Protein chains: 2
Amino acid sequence: MAILVQKFGGTSVADAAKIRRAAERVIKAVKDGYQVVVVASARGHQTDELVADALELNPNPPTREMDQLLSTGEQQTVSLFAMALDTMGYDAISFTGGQIRLLTDSIYTKARIKSIDAERIHKQLDQGKIVIVAGFQGVDELGNITTLGRGGSDTTAVALAATLGAQECEIYTDVDGVYTTDPRIFKKAVKMNVISYDEMLEMASFGAGVMHPRAVQFGKKYDVKIHVRNSMNETEGTIITHEVPQMEGVVVSGATLQKDMAKIGLAGIDNVPGNAAKLFARLARAKVVVNDIIQTEIGPEKANLAFLIGISDLPAAKKAVDDIKDELGCESVFIRDDIAEVSVIGVGMRSHYGVAEKMFGSLAKAQVNIDSITTSEIRISCAVSRDEAEKALEAVCLAFELDKPAEQREKTE
Amino acid sequence: MAILVQKFGGTSVADAAKIRRAAERVIKAVKDGYQVVVVASARGHQTDELVADALELNPNPPTREMDQLLSTGEQQTVSLFAMALDTMGYDAISFTGGQIRLLTDSIYTKARIKSIDAERIHKQLDQGKIVIVAGFQGVDELGNITTLGRGGSDTTAVALAATLGAQECEIYTDVDGVYTTDPRIFKKAVKMNVISYDEMLEMASFGAGVMHPRAVQFGKKYDVKIHVRNSMNETEGTIITHEVPQMEGVVVSGATLQKDMAKIGLAGIDNVPGNAAKLFARLARAKVVVNDIIQTEIGPEKANLAFLIGISDLPAAKKAVDDIKDELGCESVFIRDDIAEVSVIGVGMRSHYGVAEKMFGSLAKAQVNIDSITTSEIRISCAVSRDEAEKALEAVCLAFELDKPAEQREKTE
């Protein structure tokens with residue numbers, strides 16, 4: 001029998017009615033002939049409440065105890081989920097991370113999965129039971145409880161699907177799938193039927209919050225077919241998978257917008273080996289997450305270096321730069337706190353010319369000035385003024401026809 | 001270094017302020033030179049809320065899932081408790097039942113302890129850490145989470161004290177200790193400094209709710225010195241221990257009152273072997289808890305049999321008796337739903353005459369009619385009318401001078 005992993009996030013199990021509705025989806029899959037493994041998150045705002053309880057007692061709680069505390073949220077959901085299935089006439093058994101020996105390292109609050117005991121789960125499935133696993137948590141070699149950090153339940157689900165050889169890993173959320181861009185900004189955005197891991201990684205890292213990049217990376221590494229879909233309806237969602245031949249016809253799959261960005265530029269730093277490394281080591285120590293780096297030489301001895309960060313990191317980044325700028329021989333620092341970044345993403349752009357041209361052209365036509373440009377193999381990003389962000393995204397989306405399903409778009413050279 | 005086990009119940013850890021206060025008591029013991037192991041219950045009404053969550057989904061939840069759910073309450077407390085100690089400058093580590101391998105049978109919701117891994121605790125204590133253990137819970141051989149039922153955290157504390165060879169097991173509660181009788185009824189009741197396990201068992205079973213009989217039995221079996229004391233003040237509480245020589249001078253240690261009792265009598269049943277067994281098997285199947293049984297032969301072939309039960313069990317007991325009375329050859333059934341039971345308890349009464357006489361005399365003097373009498377080796381109980389219950393308890397308490405500390409009482413023959 002084929003195994004299906006179904007993951008339900010906190011909003012999908014927030015109360016008894018929602019747990020029942022999620023249980024009905026599980027039962028449907030059982031009736032369709034699957035052995036089903038459910039991964040569930042903590043109910044609604046449970047985790048936030050537990051964090052508040054902890055901070056009331058200790059502003060800087062030991063991370064081991066934090067994980068011991070937070071893991072109870074998922075444990076509660078899975079036992080309640082099993083109870084719901086029981087009363088609907090289906091045999092279910094819940095497991096904590098420890099009970100299926102989901103072994104991690106000992107880096108509390110952001111542990112990495114090492115292995116999972118598939119045997120215990122297979123045994124229960126083969127007895128006809130539905131298995132409900134607490135997401136987000138594991139244990140280390142000594143039995144200390146660990147948690148997997150942001151996106152942890154998605155990671156649990158994908159890891160389980162890989163370990164169990166599941167046919168598919170369904171990620172239930174409150175939207176229909178992954179859209180060509182954020183429908184709250186570009187109303188005509190359409191749902192993608194399929195997206196590659198690499199594209200999804202760029203989408204996730206650049207502002208599309210449907211799935212955490214880490215779970216996508218896991219899926220890519222172990223070749224797990226991920227299906228992002230809506231827990232409130234029966235619509236087919238978005239399949240995240242390896243590149244498939246038909247993707248090649250599509251140049252740009254989606255676009256993203258990150259609105260709350262800032263840019264720090266260091267003009268005229270000494271162009272000697274190690275200077276950039278020094279700067280970014282200093283920023284890492286200050287816990288600043290750097291999105292994009294742009295460097296250009298100016299003459300043989302000097303270079304301009306700029307980087308983009310989230311606006312909330314700006315004070316820490318400023319301080320770090322102030323501390324180190326003299327050491328770098330920096331002539332002046334310039335800061336923009338009104339930056340937004342528009343990106344287009346698509347595996348197709350590897351083998352197609354004209355994507356950059358079309359993007360820059362669409363922005364020019366919309367009279368949006370481009371502050372800076374960065375690219376990866378499957379992404380082009382333009383930094384623009386925040387007050388032109390929506391206009392920029394819309395222009396780019398229309399240029400690449402992201403308001404139409406992929407198969408209806410005009411082919412690009 | 002001597003080990004001290006300190007157990008804090010749900011009301012003593014209900015919120016952040018109370019957890020902090022409990023943590024201060026722990027720190028005091030550390031400063032006094034003890035290695036301290038804390039056992040904590042779920043905060044305040046957490047368990048009730050989780051039960052309500054479960055029943056909303058399933059009126060008859062599977063017991064395994066119930067234990068998986070309820071055990072999270074204690075897990076939350078112990079991690080929060082460790083965080084509180086950390087912020088006060090003390091190194092602490094919390095453990096679930098599973099993490100110290102508190103092994104039980106697989107009887108969910110009322111599991112029995114089989115063993116505890118003392119090594120893991122000793123190791124932490126020897127590293128200078130305060131160890132915080134979740135009460136009420138364990139795991140079975142397969143790692144399924146079990147709970148120990150009512151009084152479970154007391155049992156965990158006493159079992160840990162036994163396993164670790166602790167000098168004492170402190171049970172913190174919201175009263176100063178065990179009283180000669182219920183001070184809400186007999187205002188002049190005094191706190192006992194010491195009470196034997198056997199007396200405490202009779203007190204606990206007959207209405208004094210300070211400690212669950214099961215934990216006391218455990219303490220007796222493994223010779224654990226238990227100290228029941230108030231978490232809100234520094235007063236010495238009541239020590240529960242084996243009989244000590246000075247106890248022999250005291251005839252009656254305490255008195256109890258159970259107000260909400262009922263009595264069912266079966267007149268003229270066939271006095272043949274097995275009839276009583278049939279009746280009480282039927283009552284057990286109906287989940288009726290029988291407090292006392294009184295049987296007297298009347299002639300060679302018939303007997304009268306009566307038993308006392310809690311009033312809430314009366315409908316179920318009535319039905320059970322109606323079902324079986326013809327089979328027993330019963331001539332008539334009489335029911336009193338207005339019974340209260342007054343008991344005096346004391347290991348001293350084994351070797352002293354005159355206790356029964358003094359008790360019955362005090363009731364007669366107070367013009368309280370005695371419906372029926374039952375005794376054990378260290379207890380005499382009289383069933384009386386509920387509307388005379390308080391008067392009866394007061395008369396008995398005054399007769400045995402339970403308003404005075406044991407050492408000030410007149411010696412009885």
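**From a strand pair to the chain contact**

Strand E16 (residues 332-345) of chain A runs antiparallel to strand E18 (residues 379-385) of chain A, and seven bridges join them. Strands pair if DSSP finds at least two bridges between them. Helices (H or I, at least four residues) and strands (E, at least two) are DSSP runs, numbered from the N terminus. In E18(A), A:Ser385 is the bridge partner of A:Ile339.

This is a predicted model: local features need pLDDT of at least 70, side-chain atom pairs count only at pLDDT 80 or more, and totals for chains, interfaces and linings use all residues. Residues are numbered from 1 along each chain as its sequence is written, while chains are lettered from A and ligands numbered from 1 in the order in which they are written.

Now the whole sheet. Six strands of chain A form an open sheet, in the order E14-E15-E13-E16-E18-E17, with antiparallel pairing. Its edge strands are E14 (290-298) and E17 (372-376) of chain A; each pairs on one side only. On average, neighbouring strands are turned by 30° against each other, direction ignored. Axes here are lines fitted to C-alpha atoms, for helices over the stretch in contact, and angles run from 0 to 180 degrees between N-to-C directions. Helix H9 (residues 314-324) of chain A lies across E13 (254-270), E15 (302-310) and E16 of chain A, at about 15° to E13(A).

Next, the contact between chains. Chain A gives 26 residues and chain B gives 27 residues. Residues are in contact if their C-beta atoms, placed from the backbone, lie within 7 Å. On the side of chain A that touches chain B, H3(A) provides the largest share, 13 residues.

Technical notes:
Two residues are in contact if their C-beta atoms, placed from the backbone, lie within 7 Å.
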